[in-house]
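Subject: Structure for your files, with notes

Hello,

I am passing on the structure we discussed. Please look through it before reading my notes.

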Amino acid sequence: MSSPVLHPTVAAGPGPRHKSLVLAICCVSIVVVVMDISIVNVALPTMGRDLHASESGLQWTVDAYTLVLAGFLVLAGATADRVGRRRVFQAGLAAFGLGSLLCGLAPGIGWLIAARALQAVGGTMLNPVAMAIVANTFTGAAERARAIGVFASMSGLALALGPIVGGGLVDALGWRSVFWINVPIVTVAIVCAARFVPESRAERARRFDPVGQVLMVLVLGSVVYAIIESRSLGWTSPVIVGLLAVAALGVVGLLGYEPRRADPLLELRLFRSVPFSSAIVMALFALCGFGAFLFVTTQYLQDVRGLPPVAAGLCLLPVGLPVLVVAPLAGRMVGARGPLIPLVVAGSALALGGGLSLGIGPGTPLPAVLAVYLLFGVFLGAVNPPITNAALSGMPRSMAGLAGSLASTGRQTGTTLGVAISGTIIGPHLTHGGTAFTHAAHHVWWILLALGTGTLALAAISSSPWARATAERAGAMVNLPG
């Protein structure tokens, strides 16, 4: 195939106002995709009662979405680099809107889970592709760092505000409205993308890697399915052991097969960059922690404390509001002084939030509970900009879609595992009263404390001069024309 060229608008360089419009459109897309991860959490108890769903069914309502996102983000990013980022972006908006409409019409939990998977197919074409569009629109190092900071802060803000918006919608219009609200938003975004977003591609097209894609889905799907079903089947059951064996063989297959391809789905050479590898692991840690926090907290507020959905959503304002303040500051600090300070703040807030949550019980005064939630808001606001910037740091523009999609894969995999693990821990105790629930939740809070501590360690390692040198070598190794 001949190498496609950039859209003339990109070649000529869009002006500041045009760039701002592109950034706004990309931010809208990431808001609806990421908000749909968390907006559903506050609707879970109502959905469960209306659709007569089990706890594992509710877990799959969340995890079907995040699992498809995690499994196909890399393919979507590489495809966008090949066939055109705006084209894939618009297709993703259309698929996401259709999936949202079908979610709102679902007559049962099985139909809802299937529609969530369709939603996520659209989401895979939005999350990393929007990041690549931003990275290719803002070409200067400083302006790119600022733009990525804004984009990443929108991701964190959407995740935090999802339960608040969802609570209001569930109380006013019912749980189906949390999906229907997406339809007019993505319709407007499709029109604006056609008008304002320039087309761009990598000059060297990457070939598809179906074997790598199948192996990746097998690994992620097997692990998540094993965690969710382990509560009912037991860890020693043949099904669970078999799933874990499939996951292990899938990892071996990826490590053996991918390096032999000229254009692998997983460009393993990127992981020779310590900052890049650390960013992926920290993304997994961070969103695993937040996914677990959100899943446990929304059910604690409604099932243990007896709050209605809108009140439960408002109780998460202390999570959303700090993101508005902290995320822009973190983005500017990353651009000016590097990622270390925001990552230290994020890791400390997550560890402290997990530790203090050990003291939360059915009768804990609500102001004390909300004070702890502030820490999770600080954590979420501080963690996204440095992770996103580190994933793209030192990478050539032709790899922007792939590098960005790997960072997003780390986030979605973390969210999926967080929901799966926390649901497995607390699920058996939901019907046994508040004391039993909070005792089980202690295991989740210990995990969050450990994840925060791990983030602190990785922040220190990835910011060292040795780590920065590995990033330079890895960037030069994978540097392709474009």
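Below are the notes, from the whole chain down to single residues.

This is a predicted model, in which local features need pLDDT of at least 70 and side-chain atom pairs count only at pLDDT 80 or more, while totals for chains, interfaces and linings use all residues. Residues are numbered from 1 along each chain as its sequence is written, and side-chain values use heavy atoms, with hydrogens and water left out.

Whole chain

The protein chain has 20 helices and zero strands; these are DSSP runs numbered from the N terminus (H or I, at least four residues, for helices; E, at least two, for strands). Of its 482 residues, 59% count as buried (under 20% relative accessible area; exposed is over 50%, partly exposed in between; 1.4 Å probe, protein chains only). Among contacts (heavy atoms within 4.5 Å) with a separation of 6 or more, 85% join residues 24 or more positions apart.

Core

The largest nonpolar core contains 127 residues. Such a core is a set of buried Ala, Val, Leu, Ile, Met, Phe, Trp, Tyr and Cys residues joined through side-chain atoms within 4.5 Å. Phe89, Leu112, Phe151, Phe293 and Phe379 have the most contacts inside it. Helix H13 (residues 274-304) supplies the largest share of this core, 16 residues. Beyond four places in sequence, Phe293 touches Leu316, Val319, Tyr373, Phe376, Trp445 and Leu448.

Helix H5 (residues 85-105) has 21 residues and should span 30 Å at 1.5 Å a residue; its end C-alpha atoms are 31 Å apart, which agrees. The expected span is 1.5 Å times one less than the number of residues. Buried residues of H5 include Arg85, Val88, Phe89, Gly92 and Leu93.

The axes of H5 and H7 (residues 127-137) come within 9 Å and cross at roughly 145 degrees. Axes here are lines fitted to C-alpha atoms, for helices over the stretch in contact, with angles from 0 to 180 degrees between N-to-C directions. Arg85, Val88 and Phe89 of H5 meet Val129, Ala130, Ala132, Ile133 and Asn136 of H7.

Gln90 is also in H5. Its C-alpha lies 8.3 Å from that of Met125, 35 residues away in sequence. Leaving out residues up to four places away, Gln90 touches Ile190, Ala193 and Ala194.

Helix H3

Six of the eight residues of H3 (residues 44-51) are buried, namely Leu44, Pro45, Thr46, Met47, Gly48 and Leu51. His52 follows H3 and has a positive phi, near 55 degrees.

Leu406 is in helix H18 (residues 400-426) and is buried, with a relative accessible area of 4%. Leu406 and Leu73 are 333 residues apart in sequence, yet their C-alpha atoms are 7.3 Å apart. Apart from neighbours within four places, Leu406 is in contact with Val74, Leu266, Leu270, Phe271, Phe276 and Ile280.

Ile461 lies in helix H19 (residues 434-462) and is partly exposed, with a relative accessible area of 42%. The C-alpha atoms of Ile461 and Ser278, 183 residues apart along the chain, are separated by 8.2 Å. With neighbours within four places set aside, Ile461 is in contact with Val274, Trp466 and Ala467.

Regards
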